[in-house]
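Here is a short report on one protein model. Look at the sequence and the fold, then read on.

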Amino acid sequence: MRPLGYHRPADVASAVALLAAHPQARALAGGTNLVDLMKLGVERPALLVDIARLPLDRIEKTADGGLRIGATVRNSDLAAHPLVRDRYPLLSGAVLAGASGQLRNAATTGGNLLQRTRCLYFQDVTKPCNKRLPGSGCPALDGVHRDLAVLGTSAHCVASHPSDLAVALVALDAVVHLTGPGGDRALPLTAFHRLPGDTPDRDTELAPAELITAVELPAPPAGATGGYRKVRERASFAFATVSLAVLLTVRHDRVAGVRLAFGGLAPKPWRALTAEAALAGGPATEEAFARAMDAELTTARPLRDNAFKVPLAHRLAVTELTALAVQAATSAPSAPTDEVQEDR
């Protein structure tokens, strides 16, 4: 049996110091991914630094009308929080679409952002995997890859990112707050996760001994409607084949604002910037949505068994955007009239 150390630090500074002093240490919060990877032999930490009881479990309003979510807020608490349900229903829906109730009771916000791919080759230590052991190869390229990525891949890795929460947060323009030996810093969540490129073993921009301390959301866009849609193999406890987080603002039948993010398509939550740019200021019509998705998905590089993801993502986005545009049109206030109504 391999020896394993355990510490429960009293504050964030002590946790960072422990992680810095022990390069083979890992931070432990809910453990819903880390413990699984330890059982599989993928992760073999020499020390667990338990941060679950640090004061990072609050959800608070920010001065600019946004929301600050602590790193150890449990997924169940996040989804049920009145401010989240009322002001960010997209986020609540994404959390409820992930995992099972039991796992959501344990999983945390920070841990969800750091969860690793469910690629079969990554999880099987008897197989080569560039993400687990750089330079060993990527057998998924010619092997089992039906659930893997079609956007942002490289010759070294085609793994897909598993999080539902992260996709919603990317669409909401979230910022992730980090604390490490060098102090505090913040990154847009769109820049936090990495594409594999030539370094598939690096999932994020998290530096050694850094901790996620919070995620901050700006105020929701005025007049936006949106939602989270998830296509999966079964109704519960399944990772996304394709998922979509969308916020759409329509004024006078034109797109006044749009944010789109996909899950299941890439090694990171995929912000559809090309589609957003194509739609900005244009007509809020099914035809315009289809053209924008054509432009977004033109860089897709599917493999033998996952090419179906491209038309699936296209249809999902066009259907959802069209439905939201119709909803916006039917809920818009009637145009003012100069006619004087006679009292009767």
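How many cavities of 30 Å³ or more does the structure hold? The structure holds 2. Before the details, some ground rules. This is a predicted model, in which local features need pLDDT of at least 70, side-chain atom pairs count only at pLDDT 80 or more, and totals for chains, interfaces and linings use all residues. Residues are numbered from 1 along each chain as its sequence is written, and side-chain values use heavy atoms, with hydrogens and water left out.

**Cavities**

Rolling a probe the size of a water molecule over the atoms shows where empty space is left. Here a cavity is a set of points, on a 1 Å grid over the protein atoms alone, where a 1.4 Å probe fits but cannot get out. Lining residues have an atom within 4 Å of a point. A volume is the space filled by probe spheres set on the points, and grid points are joined across faces, edges and corners.

| Cavity | Volume | Lining |
|---|---|---|
| Largest cavity | About 130 Å³ | 19 residues |
| Second largest cavity | About 70 Å³ | 15 residues |

Nearest the centre of the largest cavity lie Thr117, Lys131, His161, Asp203 and Pro267. Its lining has 8 nonpolar, 6 polar and 5 charged residues. Nonpolar covers Ala, Val, Leu, Ile, Met, Phe, Trp, Tyr, Cys and Pro; charged covers Asp, Glu, Lys and Arg; the others, Gly among them, are polar.

In the second largest cavity, Cys119, Cys129, Lys131, Cys138 and Cys157 lie nearest the centre. The lining there divides into 11 nonpolar, 3 polar and 1 charged.

**A helix pair**

Helices (H or I, at least four residues) and strands (E, at least two) are DSSP runs, numbered from the N terminus. Helix α12 covers residues 286–296, and helix α13 covers residues 309–331. Their axes come within 9 Å and cross at roughly 145°. The axes are lines fitted to C-alpha atoms over the stretch in contact, and angles run from 0 to 180 degrees between N-to-C directions. Which residues make the contact (heavy atoms within 4.5 Å)? From α12 come Glu286, Phe289, Ala290, Met293 and Asp294. From α13 come His314, Ala317, Val318, Leu321, Thr322 and Ala325. By class, the contact has 7 nonpolar, 2 polar and 2 charged residues.

**Two buried residues**

Buried means under 20% relative accessible area, exposed over 50%, and partly exposed in between (1.4 Å probe, protein chains only). Asp164 is in the loop between α8 (120–123) and α9 (165–171). Asp164 counts as buried because its relative accessibility is 6%. Beyond its neighbours within four places in sequence, Asp164 is in contact with Ala94, Ala97, Gly98, Tyr228, Lys230 and Ala240.

Ala261 lies in strand β11. With a relative accessible area of 0%, Ala261 is buried too. Not counting residues up to four places away in sequence, Ala261 touches several residues, including Val167, Val170, Trp270 and Arg271.

**Positive phi**

Most residues other than glycine have a negative phi. Ala99, though not glycine, has a positive phi near 55°. Ala99 is found in the loop between α5 (89–96) and α6 (101–104). Is Ala99 buried, exposed or partly exposed? Ala99 is partly exposed, at 30% relative accessible area.

Asp253 also has a positive phi, of about 65°, and is not a glycine. Asp253 sits in the loop between β10 (242–251) and β11 (254–263). At 56% relative accessibility, Asp253 counts as exposed.

Terms used
On a 1 Å grid over the protein atoms alone, a cavity is a set of points where a 1.4 Å probe fits but cannot get out, and a pocket is an open set with protein on both sides within 12 Å along at least five of seven lines; lining residues have an atom within 4 Å of a point. Contact means heavy atoms within 4.5 Å.
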